[in-house]
Amino acid sequence: MNLRYKKALVFVLAGVVYLVGQYFRGVWFNPSWPFPCQEIHSGSIVYCNAPYLDTLGWPLIALGQMLAIVAVVLLFANAVTFQKWLKFSAFYIPIAVVLDLLIYPIRFSPLTPVLTHSQGVYPFGWLYVLITFGIVFWSFISGSRRTG
């Protein structure tokens, strides 16, 4: 398969994950849009208890957006770098899922709300984006040193 098609598959995967997230967010089957926000007052902190707020949809939407950023970064990758990124992804994604399941739900201090599994997507996802950027950048820098 051509490298262009492999890179395009990452874009397609990002779009599919984003659309599946939109579906599971509940937009397509909830007739009351925008969602009603029932405020829960806890001291000076106000929480929004909207339906579908902590479902599978929001993490998939965030994951789709992060995959789109990764796909843009991968546009600058050559075939060797793309293979390195695939190997990295094969190890990182399962490890990140297991760590998310082990760490979350967590409360960082007594005054903060409990962070759920779906909110664990953000730190692991942004780390994935940064490491992907690092792989492509390092490959670019080391490749330019060899040719220059």
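Which residues of the largest nonpolar core touch the most other members? They are Val-10, Val-70, Leu-74, Trp-85, Phe-88, Tyr-92 and Tyr-128, out of 24 residues in that core. This is a predicted model, in which local features need pLDDT of at least 70 and side-chain atom pairs count only at pLDDT 80 or more, while totals for chains, interfaces and linings use all residues. Residues are numbered from 1 along each chain as its sequence is written, and side-chain values use heavy atoms, with hydrogens and water left out.

**Overall layout**

- The protein chain has four helices and two strands. Helices (H or I, at least four residues) and strands (E, at least two) are DSSP runs, numbered from the N terminus.
- Starting at the N terminus, the order of elements is α-β-β-α-α-α.
- Of the chain's 148 residues, 30% count as buried. Buried means under 20% relative accessible area, exposed over 50%, and partly exposed in between (1.4 Å probe, protein chains only).
- Among contacts between residues at least 6 apart in sequence, 65% join residues at least 24 apart. Contact means heavy atoms within 4.5 Å.

**The largest nonpolar core**

- A nonpolar core is a set of buried Ala, Val, Leu, Ile, Met, Phe, Trp, Tyr and Cys residues joined through side-chain atoms within 4.5 Å.
- Val-10 and Phe-88 are among the residues that touch the most other members of this core. The elements giving it two or more residues are α1 (3–25), α2 (57–74), α3 (79–103) and α4. α2 gives the most, with eight residues.
- Leaving aside neighbours within four places in sequence, Phe-88 is in contact with Tyr-128, Ile-131, Thr-132 and Ile-135.

**How α1 meets α3**

- The axes of α1 and α3 come within 11 Å and cross at roughly 40 degrees. Axes are lines fitted to C-alpha atoms, for helices over the stretch in contact, and angles run from 0 to 180 degrees between N-to-C directions.
- That angle makes α1 oblique to α3. Angles under 35 degrees count as roughly parallel, over 145 as roughly antiparallel, 65 to 115 as roughly perpendicular and the rest as oblique.
- On the α1 side, Leu-3, Lys-6, Lys-7 and Val-10 make the contact; on the α3 side, Ala-79, Phe-82, Gln-83 and Trp-85 do.

**Ser-139**

- Ser-139 lies in helix α4 (residues 121–147). Ser-139 counts as buried because its relative accessibility is 17%.
- Leaving aside neighbours within four places in sequence, Ser-139 is in contact with Asn-78 and Thr-81.
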